[in-house]
Amino acid sequence: MATGLGPNQPNDAITAARFSLTIDGVEIAAFSELQGITTEVEPVELMESTDKEVVLKKLPGKTKPATLVLKRGKNSSMELWAWHEAVLMGNIVAARKSCSLIMYNTDGKPVARYHLEHAWPSKLEIGALKAGSSEVLMETVTIVSERIQRVSV
């Protein structure tokens with residue numbers, strides 16, 4: 001039975017072939033894998049009593065910073081390392097940036113966009129590699145953001 005939904009309808013699953021981080025409209029890094037975006041609000045338990053009963057409720061509590069984990073083949077670009085180095089050197093003002101994560105389909109068209117406020121790379125990991133191997137050296141970055149917002153493409 002046809003649903004009448006065409007391409008790019010709200011029920012279409014998003015697929016992406018490439019992910020990029022942009023700061024001030026400039027792409028600083030492209031990735032082949034998004035290992036995940038995590039947002040979390042810790043529940044807080046609250047006991048409420050009435051004349052007849054005691055009710056345990058769970059309410060939203062403290063929010064944890066959004067976390068993204070991206071992976072790519074290591075290249076000669078220095079932008080991502082320089083950003084992480086600002087964190088390592090304790091230069092928090094320079095390290096916290098507003099940026100965008102853009103997801104592209106196989107045709108190179110954006111399919112999703114997330115805006116990250118006060119984001120910074122908390123972890124930069126370069127994978128293992130053997131001399132003489134034909135494997136690609138992989139780089140994984142963990143980005144922490146005070147606020148993440150899904151915005152239109």
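A: Let's begin with strand β1, which pairs with strand β5 (residues 97-104) in the antiparallel sense over five bridges. Strands here are DSSP runs of E with at least two residues, helices are runs of H or I with at least four, and both are numbered from the N terminus. Two strands pair if DSSP finds at least two bridges between them. This is a predicted model, in which local features need pLDDT of at least 70, side-chain atom pairs count only at pLDDT 80 or more, and totals for chains, interfaces and linings use all residues. Residues are numbered from 1 along each chain as its sequence is written, and side-chain values use heavy atoms, with hydrogens and water left out.

Back to β1, which covers residues 18-23. On the β5 side, Phe-19 stands opposite Met-103. β1 also pairs with β2 (residues 26-31), again antiparallel and over five bridges, and there Thr-22 stands opposite Glu-27. β1 and β2 make a hairpin with two residues between them, and Asp-24 in the turn has a positive phi of about 55°. Five of the six residues of β1 are buried, leaving the strand mostly covered; buried means under 20% relative accessible area, exposed over 50%, and partly exposed in between (1.4 Å probe, protein chains only).

How far can you trust the model? The chain has a mean pLDDT of 90, with 93% of its residues at 70 or more. Residues 1-6 have pLDDT below 50, and beyond near neighbours in sequence this stretch has two contacts in the model. For reference, pLDDT is the predictor's confidence in each residue, from 0 to 100, and a contact means heavy atoms within 4.5 Å.

Now let's move to strand β7, residues 138-151. Thr-140 sits in this strand and counts as buried because its relative accessibility is 14%. Leaving out residues up to four places away in sequence, Thr-140 touches Gln-35, Val-69, Leu-70, Lys-71, Lys-123, Leu-124 and Glu-125.

The structure holds ten salt bridges, each being a side-chain nitrogen of Lys or Arg within 4 Å of a carboxyl oxygen of Asp or Glu. In one of them, Glu-139 pairs with Lys-74, and the closest N and O atoms are 3.5 Å apart. Glu-139 lies in β7 and Lys-74 in the loop between β4 and α1, so the pair ties together parts that are 65 residues apart in sequence. Glu-139 is buried, with a relative accessible area of 2%, whereas Lys-74 is partly exposed at 29%.

Arg-96 counts as partly exposed, at 33% relative accessibility.

A further salt bridge joins the side chains of Glu-117 and Arg-147, at 3.2 Å from N to O. This pair links distant parts of the chain, with Glu-117 in strand β6 (residues 110-126) and Arg-147 in β7, 30 residues apart. Both ends are partly exposed: Glu-117 has a relative accessible area of 26%, and Arg-147 has 41% relative accessibility. Elsewhere, Glu-40, Glu-42 and Lys-64 are linked in a network of salt bridges.

Let's return to the loop between β4 (54-73) and α1 (79-88), where Met-78 is found. Met-78 is exposed, with a relative accessible area of 53%. Its C-alpha is 26 Å from that of Lys-109, a residue 31 places away in sequence.
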